[in-house]
Amino acid sequence: MGDLERELRELSAWLDTPEPPDVRAPVRVRLHRPVRRWRPLAAAALAALVVAVLPPTRAAVADAVTGLLRFAGVSIATSPAPTLPSGAVSPLPGQRPAGLDEAQRAVRFPIRLPAKLGPPERVLVADPGPTGVCRVATLLYDGGALRVDAFDGRLNLSFHKEVTPPGAEWVQVNGDFAVWVDGPHVLSYVDRAGTVRQESARLAASTLIWQDADVSYRIEGALTQAEAIEIARSLH
């Protein structure tokens, strides 16, 4: 017997160790209780359903547990009672008006105009980076009630939406998958650090979201789904 073992044996005499509880009866009850398999099966079925309805593109990611969809730089959360914005809406970071040519120089992607709408009434650029290159360009029509947002699709999330069920619907623009959100919903801006800017939250109108190459787009306004898709198809 080694010194350590001897010391431990001597120490055990000084310890007051209570008798272990009799757990045989509770264990027998649990062994005879029917196993509830519906929860893991339901979760698996939900995950399979989400995968089945997702379009075959790397731009779309869904979380079956949280009900969050990420597509084309926009995250969409389904909630029966979205948090409505209160107070004045703050503009996007560094947002400023610009002429069309100036706006084109301010962003790294081509600004495409919708032939169905013609030249915009106003152009905005927003969220400049350290080099001054802006992340978002916005074309405004109908006094700002109709807008076309273009944003850098290489970056992470740019906008976050909270919609009421049934939420978003898959559609197509020029043969590629797009998302249609019908009716008013809460829209917030997500900055370069990935932070949702709550102060930018506003009630947005029906919106079409899609991605072309490295550029993500959203058309928002009092439009039907068919009208929004027709405008999107006319971008040149």
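Which residue takes a positive phi in the hairpin of β13 and β14? Keep in mind that this is a predicted model. The residue is A213: the hairpin has two residues between its strands, and A213 has a phi near 60° there. A213 is exposed, with a relative accessible area of 64%. The two strands on either side, β13 and β14, pair in the antiparallel sense over six bridges. One of the bridges joins D212 to V215 in β14.

There is another residue of this kind. N174, also not a glycine, has a positive phi of about 55°. N174 is found in the loop between β9 and β10. With 51% relative accessibility, N174 counts as exposed, because the cut-off for exposed is over 50%.

Eight strands form an open sheet, and the order is β4-β5-β6-β7-β14-β13-β10-β9, with antiparallel pairing. The edges are β4, residues 96–97, and β9; each has a single partner strand, so one side of each is left without a neighbour in the sheet. As a reminder, strands of a sheet pair through backbone hydrogen bonds, either parallel or antiparallel.

Strand β6, residues 134–141, and strand β7, residues 146–152, are joined in the antiparallel sense by six bridges. In that pairing A137 stands opposite A150 in β7. Further along the order, β10 and β13 run antiparallel and are joined by four bridges. Here W180 stands opposite L208 in β13.

Next, the helix. Which strands do the buried residues of α5 pack against? They pack against β9 (168–173), β10 (176–181), β13 (207–212) and β14 (215–220). Helix α5 covers residues 225–233, and its buried residues are A228, I229, I231 and A232. These cover an arc of only 160° around the axis, which puts them on the same side of α5. On the face turned away from that buried side, α5 carries the exposed residues A226 and R233. As for orientation, α5 lies across β9, β10, β13 and β14 and runs at about 40° to β9.

On to G153. G153 sits in the loop between β7 and β8, the latter being residues 159–163. What is G153 in contact with, leaving aside its neighbours within four places in sequence? The contacts are Q211, D214, V215 and S216. V215 has come up already, as the bridge partner of D212. G153 and F109 are 44 residues apart in sequence, while their C-alpha atoms are 9.4 Å apart in space.

Then S75, which lies in strand β3, residues 74–78. Is S75 buried or exposed? S75 is buried, at a relative accessible area of 4%. The side chain of S75 makes a polar contact of 2.5 Å with the side chain of H160. Neighbours within four places in sequence aside, the residues in contact with S75 are L68, L69, R70, L157, F159, H160 and K161.

F159 brings me to the aromatic residues. A pair of aromatic rings is described by the distance of the centres and the angle of the planes. The count comes to five aromatic pairs. One of them, F151 with F159, is edge-to-face, at 5.1 Å centre to centre and 65° between the planes. Both F151 and F159 are buried. W170 and F177 form an edge-to-face pair as well, with 6.2 Å centre to centre and 85° between the planes. W170 is partly exposed at 25% relative accessible area, and F177 also counts as partly exposed, at 31%. W170 and F177 belong to one aromatic cluster with F71.

To go back over the main points. The open sheet has eight strands with antiparallel pairing. The buried residues of α5 pack against β9, β10, β13 and β14. S75 and H160 are joined through their side chains by the polar contact of 2.5 Å. That is all I have, and I can take questions now.

Conventions: Residues numbered from 1 in each chain as written. Predicted model: local features only at pLDDT ≥ 70, side-chain atom pairs only at ≥ 80, totals over all residues. Heavy atoms only, no water. Buried < 20%, exposed > 50% of the residue type's maximum accessible area, 1.4 Å probe, protein only. Arc of directions from axis to C-beta. Contact = heavy atoms within 4.5 Å. Pairing = 2+ DSSP bridges. Axes fitted to C-alpha atoms, helices over the stretch in contact; angles between N-to-C directions. Polar contact = N/O pair within 3.5 Å; in protein donor to acceptor, adjacent residues only side chain to side chain. Phe/Tyr/Trp six-rings, centres within 6.5 Å; stacked < 30°, edge-to-face > 60°.
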